[in-house]
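Here's a quick briefing to read alongside the model. Have the sequence and the 3D view open as you go.

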Amino acid sequence: MIASVRGQVTVIAPDGAVVEVGGVGVLVHCTPGTLATLRTGEEARLATSLVVREESLTLFGFATDDERGIFEMLQTANGVGPKVALAMLAVHTPNALRVAVATADVKALTRVPGVGPKGAQRIIVDLKGKLGTPEEAVNAALNGRAAAPVWRNQVHSGLVGLGYSVRDADEAVAAVEPRAEAELAEGRTPQVAALLKAALSALSTR
């Protein structure tokens, strides 16, 4: 198992990054939140999980060991593969997922692309008691005091990490803000990956 990689970040793309380790460029698939912590040309350390398939070896990277642990545990649920597990961590933090499972919050889980009501219920059943239940986070969710979404910072940081200026990132975030606000008004969590893609499109059409 490749537990982590450390090296200079040479490329940052919307769905992953290349980290040079011992002269070899290693492609690591990441969530937008993890990508937002990286900067091209700077050294980074990512906790990693290697997914082995008959036809491929795919490395997934995370900002923290906790995210990696949750990623691997999510895949023990029936019907959850690495792509869905990564999508879940792109939408929710590890603690938010713990809360969703602990409180059987089907609505929160179905905000993840590819997870429907039946799939969410199956995930809750399969993972009940396995992710841990941080008491303060659970109580906050039950009392309606869940943390505010962080899409704005993630999209902005992601754009800067891709080499755009702060001014360009500000303009792109402003361009996609109506879409994010509309999703929030409908009770949905803004999808950071989709917003980042829309922001990049807005920058390319200026």
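What follows covers the overall build, the surface and the strand pairing.

This is a predicted model, where local features need pLDDT of at least 70, side-chain atom pairs count only at pLDDT 80 or more, and totals for chains, interfaces and linings use all residues. Residues are numbered from 1 along each chain as its sequence is written, and side-chain values use heavy atoms, with hydrogens and water left out.

**Overall build**
- The chain has ten helices and five strands (DSSP runs: H or I of at least four residues for helices, E of at least two for strands, numbered from the N terminus).
- Its radius of gyration, taken over C-alpha atoms, is 17 Å, close to the 17 Å from the globule rule (2.2 Å times the number of residues to the power 0.38) for 206 residues, so the chain is as compact as a globular protein of that length.
- The C-alpha trace spans about 45 × 40 × 30 Å along its principal axes.

**Burial and surface**
- Of the 206 residues, 40% are buried (under 20% relative accessible area, 1.4 Å probe, protein chains only).

**Strand pairing**
- Strands S1 (residues 4-13) and S2 (residues 16-21) run antiparallel, joined by five bridges (pairing takes at least two DSSP bridges), and a hairpin links them through two residues.
- S2 also runs antiparallel to S3 (residues 24-29), with six bridges.
- Alanine 17 in S2 stands opposite isoleucine 12 and opposite valine 28 in S3.
- In the S2 and S3 hairpin, glycine 22 takes a positive phi near 60°.

Definitions and conventions: Buried < 20%, exposed > 50% of the residue type's maximum accessible area, 1.4 Å probe, protein only.
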